[in-house]
Amino acid sequence: MRPRMRIAAGARLAALTLAALAVLLPFVWIVAASFKYEIDITMGRLVFSPTIVHFDELLFSRGSDFLRNYANSFGVALVSTALCLSAGTLGAYALDRLDTPAWLRHALLGWSMLYYMTPQMTLVGSWYVLFRQVGLGESYTALVLTHTVMNLPMALWLMGAFLRDVPVELEEAARVDACGPVKTFTHVVLPLLRPGLLATGALLFIFSWNEFAVSLALTRNETATVPVALAKFAQDFDMKYGAMAAAATLSLLPALLLLLLATRSLVRGLTQGALK
Amino acid sequence: MARRWPSLRLWRAGSLAPLVLFYVLLTLLPVLNLAAMSVSDVSWAAGRSHWSFVGAEHLARVADDAVYRAGVRNTAWFAAVSVSIQMLLGFTLALLVSRTTRGSTLWRMVFLLPILMPGIVIGAIWKLMYDADFGVINQVLAWFGARARDWTGSPELAMASIIAVDVWHWTPFVFLLMLAGLQSLPPEVFEAARVDATPWWRELTRITLPLMLPTIVVTLVFRSIMAFKVFDEIYLLTSGGPGTATEVISFSIYRTFFVQGRAGYGAAVSLVTMMLIAMVVVLALNLQARLARRPA
Amino acid sequence: MTRPNRSQPQRRRWLLAGAALASGSPLRLWAQTAAQPLRIAVPQAPWYPSFERLTTVFERIHAAKVAFDVSPFTGLLEKTRNAVRSGQSPFDLICINSQFIPEFYAGGFLEPLAKIDPRFKLQPEVIAYDNTLRWDAVRKVFDAKGEVMAVPVNGNIQLLYYRADLYAAKGLKVPRTWDELAANARALHGPDVAGFGLRGNRGFFEASYDFYPLLASFGGDIFRNAAGGDCTVVINSPEALKALQFVQQLAKEAGPAGVGSLTQARLIQLLTGGKLAQAVLVAAAWPQMDDPQRSAVVGKVNVAPLPAGPSGKVVTTLGHWIAAVPKNLPSERKKAALGYLDWFQQKATQQQYRDTGAVPIRQDVLLADPGPDPKYRLLPAVAASSGNTRLMLPVPQAAEIADAMELQLNKVLVGEAQPAAALNQMARDIEALMARAGMKTGRLPDLR
């Protein structure tokens with residue numbers, strides 16, 4: 001029995017390792033490309049002398065505003081996550097614990113679902129026109145608001161799932177202690193929701209950071225985010241592989257940071273929706 | 001239910017207000033705006049927009065639009081094939097691995113990576129790898145003596161290449177969800193199966209799959225919804241080409257609005273898309289209700 | 001000292017006059033709104049670095065500041081479209097690509113330069129680029145006697161790029177006709193090096209852009225007489241069929257693999273990587289050929305004017321960029337913008353522009369001896385082509401027409417459609433959209 005189990009365990013390890021390599025190698029490839037001269041990339045050379053000329057162009061040249069794009073992405077992600085988390089948590093709490101009439105619950109959750117199912121692009125055209133008419137065309141406000149609403153269904157769903165982990169009895173106990181609704185929420189529910197908030201917040205931040213389609217349509221150069229800046233280097237007329245790779249490498253940093261610091265939180269967030 | 005707090009209604013209204021406000025202003029209103037735009041021609045001059053009514057002209061043209069029809073077909077095909085492969089691969093890998101607990105955080109970190117990457121970075125990575133002249137895939141093929149292929153430029157391969165990228169992108173996600181699901185299943189059931197010396201395939205079909213069904217369904221629904229929205233990879237890798245081989249709905253709408261500048265027609269296309277999705281939802285709900293009514 | 005701030009502009013005028021004397025050109029006196037830099041909307045294009053370097057010179061001479069807003073090709077189009085339609089343009093100068101010039105001129109969004117300052121004169125040595133700098137606002141067509149609307153900022157035309165070393169090795173000569181080019185291509189084509197590359201990618205002015213010189217030099221065209229107002233579609237003519245069949249045949253026999261995805265970037269890449277022997281490329285791609293960071297064939301590539309068609313006609317498609325002044329600006333900003341344009345068109349400036357590696361827009365600078373540096377070896381070819389330039393689609397619907405052509409051309413090159421059927425479909429599509437736009441149009445009977 002033993003040797004067969006060891007083979008099976010070995011096979012499992014091999015399968016996992018193969019899968020892990022399949023995931024990691026492409027990342028290694030693009031990071032390596034960001035240090036190659038353009039000709040080394042286009043000649044597919046595996047051996048090359050490294051250079052930082054692309055990072056230099058990306059960060060310090062006149063035609064590139066990457067540092068600003070980075071700041072834009074960060075700011076938009078932070079603010080939209082805060083807004084989204086607030087609206088989503090409050091909304092989830094109201095829907096679940098504040099006696100919301102059934103028709104309203106179904107309406108809001110149903111609309112959430114329906115909205116989540118439609119591609120962003122269907123609404124972007126309208127957003128573009130509406131924002132432009134009120135003078136907010138291609139502004140930070142437009143970007144923050146659209147990012148918030150795009151992630152709201154997810155926030156609602158996830159926070160709803162985390163909320164259901166908080167026992168109702170605790171709230172009843174608080175009510176017996178004559179706590180008003182605000183105090184119940186802030187002193188009883190919120191502390192228990194903290195890990196859920198962190199998990200959801202981390203995911204929302206990443207989704208906002210990664211967002212491309214809407215940001216492409218609703219920004220101009222000053223308000224452009226990192227993904228939009230990256231796409232700038234990947235044009236059919238003037239493909240700059242080195243700059244594109246360098247931009248991609250730098251775009252990975254927030255995700256890598258979050259991974260190293262908050263793996264468990266992220267996994268909890270992702271699996272929460274599926275398992276509850 | 002008796003009112004628990006006298007001011008409950010107020011707090012409820014206040015808590016729901018931000019959510020409702022966002023939804024009404026940024027989703028409901030734009031949909032109405034789309035309806036208005038789809039029957040007009042919108043143009044801009046001196047900072048103001050000018051609208052002129054054109055009736056059902058745009059909507060009629062959507063039905064004739066071969067590119068849009070190709071987009072709908074491609075998106076459906078893409079979603080179906082890509083999600084199926086991911087579910088299969090992810091589930092199989094999770095099954096294989098569910099008993100390995102060593103270094104699980106490290107594996108989780110690795111498999112989380114693609115999900116956290118901007119889609120545009122994934123597009124960039126694969127653009128480099130798929131390149132017909134210097135991409136690593138063709139290079140490796142050359143080592144084995146196989147012919148180099150034009151992955152994103154030939155009509156036969158383009159869609160398959162995009163699907164491959166999506167599979168690479170999201171299988172880890174499916175894997176993680178399936179793994180979490182498997183590890184949360186009650187171990188007693190499997191103990192019993194082992195005691196009875198149940199063959200692995202029977203264990204799989206009679207025990208594992210039925211127990212995992214909720215998780216599988218949720219993952220499937222999630223992934224399908226996301227697959228319908230695909231845009232980033234198409235933008236970077238193929239721009240809908242060659243021909244209309246990788247044309248997808250999101251890209252068609254983007255091109256109509258922002259490259260061709262046709263707001264009225266773009267709105268018509270958007271509305272038609274939303275109606276199509278609504279139809280799919282209604283069908284799915286119907287199906288679900290009918291299945292739920294069936295005796296177990 | 002009656003008014004305290006009079007001495008400042010006074011002193012600056014002396015400085016400017018001094019600089020003018022030093023550079024030997026009559027200088028515009030323009031009021032610079034010192035508070036705001038001159039804002040120019042430019043594309044992320046191969047020639048942008050040269051433009052940037054040249055403008056640094058401008059900033060030094062005039063103690064001015066220039067702010068660039070760099071966008072990708074399609075992003076810039078959207079941006080400039082919005083800019084001219086808004087309450088006040090966020091840019092003082094906008095760069096417009098040749099294909100969209102009719103759209104902007106016809107829309108009335110740009111200020112004729114002479115209206116900003118009647119002393120402005122477009123210098124005669126500036127290349128006319130198929131009259132795309134002058135517009136007849138009444139008849140709404142390009143006209144050699146029309147009002148000057150813009151100054152070109154980049155002399156981008158199509159040229160034949162070829163590997164001089166490979167020619168020498170096989171004893172080939174620079175082709176004068178397309179048939180000679182095809183013969184060269186077949187001779188040079190091999191497993192490691194493709195014979196000839198032409199764009200087949202369906203994109204934004206890609207396959208259609210490269211097809212046009214062949215179409216025109218074989219005697220075909222899109223419209224019967226667009227400049228005269230007759231937009232009858234003649235794309236499906238026997239001459240056009242010959243041209244398309246020629247392209248299809250050549251791509252099959254001597255083209256690189258994956259012709260359907262040949263973009264401009266990829267063509268340049270193949271050439272600089274040593275995997276392509278000949279290609280039709282724009283002049284703006286030149287600096288990459290000799291850049292050791294981007295090229296493996298430094299010093300081996302030469303350029304020549306495009307070959308002639310069966311009747312001896314040579315046509316090169318315009319891909320140039322112009323800089324124009326939006327109407328929706330206060331007049332001091334328009335004057336500042338015009339001052340920049342006037343400085344740009346001067347001979348001394350164009351010589352410096354040439355030295356930064358760009359293609360100058362004056363014929364005298366193209367013909368002047370630039371010195372022994374081999375990087376200038378493209379200039380004679382550009383100079384020889386100046387008289388054969390044509391704008392592909394001199395109508396505001398250019399983008400939609402090109403899109404209709406792109407799809408069909410791509411299909412023909414990847415083998416999904418036959419040339420005659422593709423041309424007929426193009427004719428149908430183009431006629432439909434011209435009719436929708438309310439232009440006088442029609443079309444030829446279908447090709448068999």
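Here is a short tour, one selection at a time.

**Stop 1: the confidence colours.** Keep in mind that this is a predicted model. For the complex, the predictor reports an ipTM of 0.86 and a pTM of 0.82. Now select chain C and colour by pLDDT: the average is 87, and 92% of the residues score at least 70. Next, pick residues 1–7 of chain C, where pLDDT stays under 50 and the model has 0 contacts beyond four places in sequence. Then slide along to residues 13–34 of chain C, where pLDDT is also below 50. Beyond near neighbours in sequence, the model gives this stretch 27 contacts.

**Stop 2: where B meets A.** Show chains A and B together. How many residues of chain B are in contact with chain A? There are 79 of them, touching 78 residues of chain A. Highlight helix H1 (residues 8–38) of chain B, which gives the most to this side of chain B, with 15 residues. Colour that side by residue type and you'll get 56 nonpolar, 17 polar and 6 charged residues.

**Stop 3: the nonpolar core.** Bring all the chains back. The largest nonpolar core has 293 residues, and those touching the most other members include A:Leu230, A:Met244, B:Ala124 and C:Leu159. Zoom in on A:Met244.

**Stop 4: a sheet in chain C.** Finally, switch to cartoon view on chain C and look for an open sheet of 3 strands in the order E5-E4-E6, with antiparallel pairing. Strands E5 (141–142) and E6 (147–148) are at the edges with a single partner strand each, so one side of each has no neighbour in the sheet. Now click on strand E4 (residues 134–136) of chain C: 2 bridges join it to E5(C), and the two run antiparallel. To see residues facing each other, select C:Asp136, which stands opposite C:Val141 in E5(C).

Terms used: Residues numbered from 1 in each chain as written. Chains lettered and ligands numbered in written order. Predicted model: local features only at pLDDT ≥ 70, side-chain atom pairs only at ≥ 80, totals over all residues. Pairing = 2+ DSSP bridges. Helix = DSSP H or I, 4+ residues; strand = E, 2+ residues; numbered from the N terminus. Core = buried A, V, L, I, M, F, W, Y, C linked by C-beta atoms within 7 Å. Buried ≥ 20, exposed ≤ 12 C-beta atoms within 10 Å, placed from the backbone. pLDDT = per-residue confidence, 0-100. Contact = placed C-beta atoms within 7 Å. Nonpolar A, V, L, I, M, F, W, Y, C, P; charged D, E, K, R; others polar.
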